[in-house]
Amino acid sequence: MDLFFSYFSSDVMSKNLICIASLNKNKIEAVKKAFSKHNVKEFAYNSGVKNQPLCLEEITRGAINRAKSVFKNCEYSIGIEDGLFSAPNTGSGYMNVSCCAIYDGEKTYLGLSSAFEIPSE
């Protein structure tokens, strides 16, 4: 967390900066593609939920926590959380989904990926 705040030397917001609360290369590349005209800076930050979230509420909360945790002097911050939720009529009982939270300093905007069933083995 200290490295995050030491990165910024002033309180002037950068309209061209997106902060992502992840060091996962796939997540970073996805954000860079979605915001191709912006500079993207990644930071390590804990989501505040289990390593393997097991319900939709926990997945969305993790994404929101991540996005809000790295918002400073940027136009938007992004948190992406992946997890499982209970799904009836599936062989394993669970499906996997990703949640992306985009935070602008006032409002949080959420999006979900398509879900897919996790094999039972």
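Me: Why is Arg61 called partly exposed?

Reply: The model is predicted, with local features requiring pLDDT of at least 70 and side-chain atom pairs counting only at pLDDT 80 or more, while totals for chains, interfaces and linings use all residues. Residues are numbered from 1 along each chain as its sequence is written, and side-chain values use heavy atoms, with hydrogens and water left out. Buried means under 20% relative accessible area, exposed over 50%, and partly exposed in between (1.4 Å probe, protein chains only). Arg61 has a relative accessible area of 33% and is therefore partly exposed.

Me: What makes Glu57 and Arg61 a salt bridge?

Reply: A salt bridge requires a side-chain nitrogen of Lys or Arg within 4 Å of a carboxyl oxygen of Asp or Glu. For the side chains of Glu57 and Arg61, the N to O distance is 3.0 Å, so the pair qualifies under that cut-off. Both residues lie in helix H3 (residues 56-69), 4 residues apart, about one turn of the helix. Helices (H or I, at least four residues) and strands (E, at least two) are DSSP runs, numbered from the N terminus.

Me: Why is Glu57 called partly exposed?

Reply: Glu57 has a relative accessibility of 45%, and therefore counts as partly exposed.

Me: How many salt bridges does the rule give, and which residue pairs with Arg66?

Reply: The count comes to 2 salt bridges. Arg66 pairs with Glu81, the closest N and O atoms being 2.7 Å apart. This pair links distant parts of the chain, with Arg66 in helix H3 and Glu81 in strand E3 (residues 74-86), 15 residues apart.

Me: Why are Arg66 and Glu81 called buried?

Reply: Arg66 has a relative accessible area of 15% and is therefore buried. Glu81, at 4%, is likewise buried.
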